[in-house]
Structures are given as C-alpha cells and as structure tokens.
Amino acid sequence: MAAPSPTAGELRHAKRIVVKLGSAVVTRGDECGLALGRLASIVEQVAMLQNQGREMMIVTSGAVAFGKQRLRHEILLSQSVRQALHSGQNQLKDMSLPVLEARACAAAGQSGLMALYEAMFTQYSTCTAQILVTNLDFHDDQKRQNLNSTLQELLRMNIVPIINTNDAVVPPPEPNSDLQGVNVISIKDNDSLAARLAVEMKADLLIALSDVEGLYDSPPGTDDAKLIDIFYPGDQQSITYGTKSRVGIGGMEAKVKAALWALQGGTSVVIANGTHPKVTGHVITDIVEGKKLGTFFSEIKPAGPTVEQQTEMARNSGRTLASLLPDQRSEIICHLAELLTEKKDEILAANKMDMDLAVNAGHLSPAMQKRLSLSPAKLNSLAIGLRQIAVAAQDSVGQVLRRTRVAHNLELEQITVPIGVLLVIFEARPDCLPQVSALAIASGNALLLKGGKEAANTNRVLHELTQEALSLHGVKEAVQLVSTREEVEDLCRLDKIIDLIIPRGSSQLVKDIQRAAKGIPVLGHSEGICHVYVDAEASIDKVIKIVRDSKCDYPAACNAMETLLIHRDILRTPLFDQIIDMLRTERVKIHAGPRFASYLTFSPSEAKSLRTEYGDLECCMEVVDTMQDAVDHIHKYGSSHTDVIITENEETAEQFLHQLDSACVFWNASSRFADGYRFGLGAEVGISTARIHARGPVGLEGLLTTKWVLRGDGHTAADFSEHGTMKYLHENLPVGQPLAGQRDSN
C-alpha cells in the first residue's frame with residue numbers, strides 16, 4: 001500500500017504532475033476542431049510550471065475532433081468538385097456527409113494535434129514529445145518498461161511528454177473491463193490512461209480537467225446537486241452519476257474510478273473544470289498552489305465536519321434561534337456573560353498558552369500581542385458589554401418598522417429579520433469571539449467564526465462556552481468555529497450558504513477578503529486613515545488632549561489618528577510648539593506633508609504618501625489654508641472612516657460636519673470615540689465605510705435586514721384594475737398599534 005496522499009494545501013510541493021485534458025476541454029462546442037484559446041491558456045500554465053522545475057506530462061484528447069474537421073473539409077471539397085464536373089449547376093447544399101469512423105479521424109488528426117502543441121509550447125521555449133500508447137503497452141512487461149524508460153528520459157531532459165491513446169488502431173473498449181483491481185486497469189479512455197500513467201510514473205499529482213466543476217453528489221444541473229470539495233473512497237455509495245461527457249467515451253463514473261485507482265497507487269487527484277472562461281486561465285496553477293478548486297480525492301477523512309457542513313448546521317440552528325422569543329435570546333447572552341467570569345481561570349490559562357507560543361515564535365508585533373492578551377479586567381468589561389447587548393436583544397428581531405393599510409382588509413408590514421449566515425474572520429483578537437457571538441445571537445443570525453491561529457487555544461475555550469450558553473434553548477450549533485486549515489479565500493467561495501462576511505483585522509486582511517469574496521457582500525473598511533483638523537480658532541487645551549488621545553491611546557486601532565491637519569495661521573505660534581512638544585514627549589514620529597515641509601528649514605522626514613495608515617506611533621502632519629481645504633484634503637486622501645475638527649467656531653464646525661462624507665465626523669472629540677461600546681451599542685462587529693447598509697460602528701441594528709409581510713383576504717391584482725371593484729388606500733398606521741383583526745407580530 002502506498003503512503004497516504006497529501007492534503008490539498010500540500011499540493012504546492014508536487015514535483016511530478018500529470019494533466020489530463022478531456023475531450024470536452026480540448027474540442028469546440030460543435031465537436032469539429034479544437035478550442036484554441038482554451039488550449040493556449042492551458043499550455044501557458046503547463047509551461048510555467050515546467051519552467052519552475054516541475055516535471056509535467058499531458059494526457060490529451062482531441063485527435064478525433066481535429067481529424068474530423070480535416071476529413072469533413074476534404075470530403076466537402078471532393079464532393080463539390082465531383083458535382084461540379086458531373087452535374088453542372090446542381091445545388092451544393094444537397095450534399096450529405098458520410099458518418100466518419102473514429103479511428104480514421106484519429107489517424108488524420110494526430111499529426112496536426114501534435115504540431116499545434118509543439119507550436120504553442122515553442123512560444124515558452126519548452127520542448128515536447130509525442131507518445132501514442134495502447135493497452136498492450138501496459139500489459140506487456142517489456143513494453144511497459146520501455147515506456148517508463150522513455151518517459152523518464154524525456155523528463156530528465158526537461159521535455160513535456162504529450163501522451164494519447166493510439167485511437168487509429170485501438171479496438172473498441174470492452175464493457176466491464178475497466179479497473180479490475182490495483183494491478184489491472186484497462187485503457188479504455190484517457191481517464192484510465194492518465195490514472196495508469198500517473199501510477200506507473202509515480203506522479204505526485206493528477207489533474208483531470210473536464211467540462212464540469214468537479215464531482216457532485218447527484219448529476220449536475222439537478223435540484224439539490226452539491227459539489228463535493230473532498231471525496232473519500234468510502235463515499236462512493238452516496239453518489240448518483242449522470243450521463244457521460246458530450247464528447248469522448250468517458251463519463252464522471254469513469255473519472256471517479258480512475259481517480260480512486262490512482263489515489264490507491266499513491267497519486268493525489270483533483271477533478272476540475274477546464275472549460276469555464278473565468279478560471280481556465282489559471283485553473284492548473286491554482287490547484288498546484290493548493291487553492292480549493294474542483295474535487296480533491298483524499299484517503300484521510302477528517303474526524304469533524306467540513307466547513308460546508310458546519311455552515312449548513314449553523315444555518316439550520318440559526319433559523320431556530322431566530323424563532324426564539326426575545327427573552328430567550330437575552331437569556332443565552334446573559335448566561336454567556338456569566339460564563340466569562342465563572343470560567344475566567346480556564347480562559348486565562350488558554351490565553352497564556354497562546355501568549356507564550358506567540359512570544360517564543362517572535363512573529364507578533366507588540367501591538368498584536370496587546371490584542372491577543374486577555375486579563376480579568378478585559379473579561380469583566382466583555383461581560384458588561386454582553387449584558388448591554390442582552391437588553392438590546394429585546395427590541396431587535398421582529399420589530400415592525402412600517403404598517404400600511406393598502407386597501408380594505410389588505411395590510412402590509414415591514415419587519416426586522418436576521419441577515420442569515422454571517423462569516424466573521426478575525427486575527428489575533430480573541431475578545432472578538434464573545435462580542436460577535438452575542439451580537440449574532442441577539443439578532444438571530446447564524447455565525448461562522450474563523451479566528452487567527454495565534455489565538456487558537458483561547459478561541460476554542462470561548463467557543464465552547466458560547467455553545468454551552470446556546471444549549472440553554474437547543475441552538476448549540478448556531479455558532480460554529482472553523483478550526484480546520486481552511487484558507488480564507490476558500491471560505492469566501494461559499495456564496496450559496498454565507499450571506500455576509502465581516503473581516504476584523506488588518507487593512508491587508510480586509511483587502512484580501514474584499515478581493516476574494518466576489519459573490520458575498522463584505523461589511524468593513526480596508527483602511528482607517530483618520531484625520532484631525534486643528535482650526536485657527538481651536539482651544540489650546542482641547543487640541544493637546546484630543547490629538548494626544550487620538551494618536552497615542554491605541555495607535556494600532558483603526559480609529560487612531562493618522563494625519564494631523566494644521567491651519568496655516570497656527571504655524572509658529574505657542575499652540576503649534578505645544579503640539580510638537582507633546583508628540584515628541586509621546587515619541588510620535590512625524591512625517592511632513594509637502595506643504596508643511598516647505599515651511600520648515602529642517603523638516604522631519606517627508607511623508608511618502610498622504611494616504612498612509614501607520615498603525616503605530618507615527619503620523620503625517622500637513623498644513624491647510626482653510627477649513628474647506630481640510631475637507632478637500634480628507635476627501636482626496638482619507639478612507640471615509642473617522643475625521644475630527646477642533647474649533648471654537650460653531651459655524652465652521654457645522655460646515656465641516658455637514659460637508660465631510662465620512663462614516664464618523666466629530667467636533668471637539670477624539671477619533672477614538674468611533675467605537676460601538678462608546679456609542680452605547682454594547683459591542684460592534686466592526687466599523688464600516690461602505691455606502692450601502694450600515695456605516696460607522698456596526699452593532700445590533702447593522703446585523704438586521706427587513707422583510708415585507710402582506711395579510712389579505714383573497715385579494716388579487718385584478719381587483720384593482722380598471723374594471724376591478726377595489727381601490728388603493730395606502731394609509732400609514734401606527735407601528736405600535738395592532739392591526740384590526742390581526743395578530744400583533746410584536
């Protein structure tokens with residue numbers, strides 16, 4: 001028995017790779033001729049991997065299709081000449097093509113197919129060689145050894161072997177002769193050929209490209225068909241196969257049998273789509289990089305549920321959570337708050353393990369270590385915040401926002417409902433887990449949590465306590481912690497089961513998630529470039545207090561000041577000197593903006609960019625002429641997060657507050673107030689700079705959406721037509737007043 005194959009994430013270490021190109025990948029939709037653009041992108045990827053030092057082999061279809069195109073052309077040309085000679089003006093459109101025999105097509109197309117491959121690979125300075133095989137080449141020991149020797153020599157010379165069955169002479173496949181055991185495999189199609197070749201050559205990876213995304217639990221296109229990301233040998237009984245490919249002689253069942261045979265022989269296997277225009281250009285390289293594409297065949301089945309199963313469990317339990325009474329959801333949150341204090345020793349012990357590992361590894365900055373660290377005071381503060389959320393949970397789900405009497409006995413309500421399934425991704429910040437869990441519980445949302453590996457032990461304990469609290473009312477599975485080695489990019493692919501992604505972490509994390517989550521909305525901000533503008537009419541005491549707090553209280557926070565804008569009239573005044581002295585005392589490094597630098601003989605280091613989030617004891621300082629210039633600067637270089645004006649002139653302040661288009665705009669207050677707890681939201685899931693849905697610190701209300709409920713009495717649209725008997729009333733009703741004759745949904 002061969003050693004177990006690696007996990008999908010370890011495929012980047014694959015040295016010898018077989019790429020199998022199915023007929024549907026290589027041929028055009030009309031089955032006559034090759035899909036040249038698709039083939040060119042595949043050749044580019046194979047050449048790139050070959051030039052990285054890997055050993056690439058291609059098992060290709062396409063000779064029959066290429067030959068069919070050539071033979072049809074020749075037959076049409078021949079028939080047209082004969083008809084022109086014998087029939088004069090007979091209509092050529094009456095000509096009919098004979099049925100072309102596949103072996104003849106293969107004979108006519110093989111040389112052209114190879115010439116095409118050679119021309120394409122030449123563009124990347126890569127040499128190719130053609131090898132045609134039949135069953136006898138594998139069943140005859142001497143021939144098999146010769147084949148192995150030839151392939152080994154070609155790979156040693158950095159040549160890409162291109163292998164195909166010799167369809168010009170191969171007999172028709174015998175039924176029931178496919179895959180009879182570990183040592184017997186009938187070469188009846190290119191799937192079995194690729195599997196046999198991969199095992200024979202001890203390949204690390206076999207990539208089988210077809211015209212479907214991978215293996216489904218039922219035929220693709222049918223209702224409830226789900227793509228299987230990882231397939232295990234014992235799962236064969238749960239699969240229902242559909243028909244074979246539109247071209248070629250293999251089907252998905254043949255691919256699965258071949259894949260399992262190769263897996264048993266020690267080769268990792270991935271079946272993926274090689275025809276999708278959005279992924280064809282990088283499907284092979286993505287698989288080799290360990291990205292989750294298609295179906296990965298694995299011998300080792302994990303003990304716990306997959307992330308897809310976890311999400312389904314969360315969704316199902318979340319629907320029960322949403323149907324609980326407000327008092328019951330509040331009770332769960334209060335119990336979680338109690339557990340944070342009751343189990344603080346267990347939590348702090350786990351956190352100490354994480355801290356020790358982080359310190360020994362030496363890869364966390366002091367700011368990140370501060371975020372990772374928990375203390376009794378932090379846990380008490382968390383518990384207080386959770387109790388605030390528990391109170392707010394009383395007035396969240398099911399609140400009537402609008403009531404309208406559309407017509408007699410036809411009444412409409414707009415009510416608050418959960419968004420659905422939330423995916424929250426957070427870095428080394430374990431206090432985020434109970435906060436976000438409480439907000440999800442209060443809003444009736446299912447929750448999928450992906451924490452940073454730095455806080456793995458702390459997150460595990462906190463999640464266990466969260467599920468203990470949820471068990472009070474039988475909704476333990478509503479909050480799930482992803483502890484598998486799932487990449488963030490893979491989680492962002494679950495657009496059919498995740499409704500909203502909320503990243504909590506660095507700007508780079510947020511940017512990566514926004515780029516990866518193409519089908520799922522992302523709530524968050526990519527940068528926290530917060531400005532403080534000191535107006536000409538600012539109070540000295542307020543300036544020193546606010547600037548110090550905004551920059552120095554917690555420099556790594558997203559609501560910390562990054563740029564200090566100074567009115568020109570303040571330069572060379574006692575106030576300016578006090579600002580500089582305070583920043584120096586606090587050891588804040590100043591980067592001068594271009595205008596500020598022009599005023600100084602010996603200036604600090606000039607800012608490389610006016611759009612920088614330092615996240616440390618550093619800031620940019622720039623000079624502006626007016627309040628309007630400050631607003632224009634912030635609009636140009638800011639991130640629409642939090643911006644502050646310090647002034648005693650109320651009119652100037654109001655203009656600033658009105659004109660500035662940021663999520664949070666403050667007058668004579670520190671930028672650090674941009675926080676859900678300080679706003680009285682109890683906690684926040686993050687700060688959003690988006691224009692749609694929630695903006696600023698997002699608490700409980702930001703995790704709700706609405707639905708419309710219409711109650712009628714046999715009404716139809718025809719009742720209100722020109723010849724109908726009813727008229728619209730559209731009367732607005734008090735939201736707190738139960739509708740006449742209807743159950744009050746509150």
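**A walk around helix α16**

T458 is buried, with a relative accessible area of 0% (buried means under 20% relative accessible area, exposed over 50%, partly exposed in between, with a 1.4 Å probe and protein chains only). This is a predicted model, in which local features need pLDDT of at least 70, side-chain atom pairs count only at pLDDT 80 or more, and totals for chains, interfaces and linings use all residues. Residues are numbered from 1 along each chain as its sequence is written, and side-chain values use heavy atoms, with hydrogens and water left out.

You will find T458 in helix α16; helices (H or I, at least four residues) and strands (E, at least two) are DSSP runs, numbered from the N terminus. The side chain of T458 makes a polar contact of 2.5 Å with that of D354 (a pair of N or O atoms within 3.5 Å; within protein, one must be able to donate a hydrogen and the other to accept it, and residues adjacent in sequence count only if both atoms are side-chain atoms). Leaving aside residues up to four places away in sequence, T458 also touches I347, A350, N351, L374 and P430, where contact means heavy atoms within 4.5 Å.

Now step back to the helix. In α16, 11 of the 15 residues are buried, among them N457, V461 and L465. The buried residues pack against elements including α11 (326–342), α12 (344–361) and β12 (446–451).

Follow the chain onward to A478, in the loop between α16 and β13. A478 is buried too, with a relative accessible area of 0%. Its contacts include A314, S317 and L447, and T320, 158 residues apart from A478 in sequence, is 8.6 Å away, C-alpha to C-alpha.
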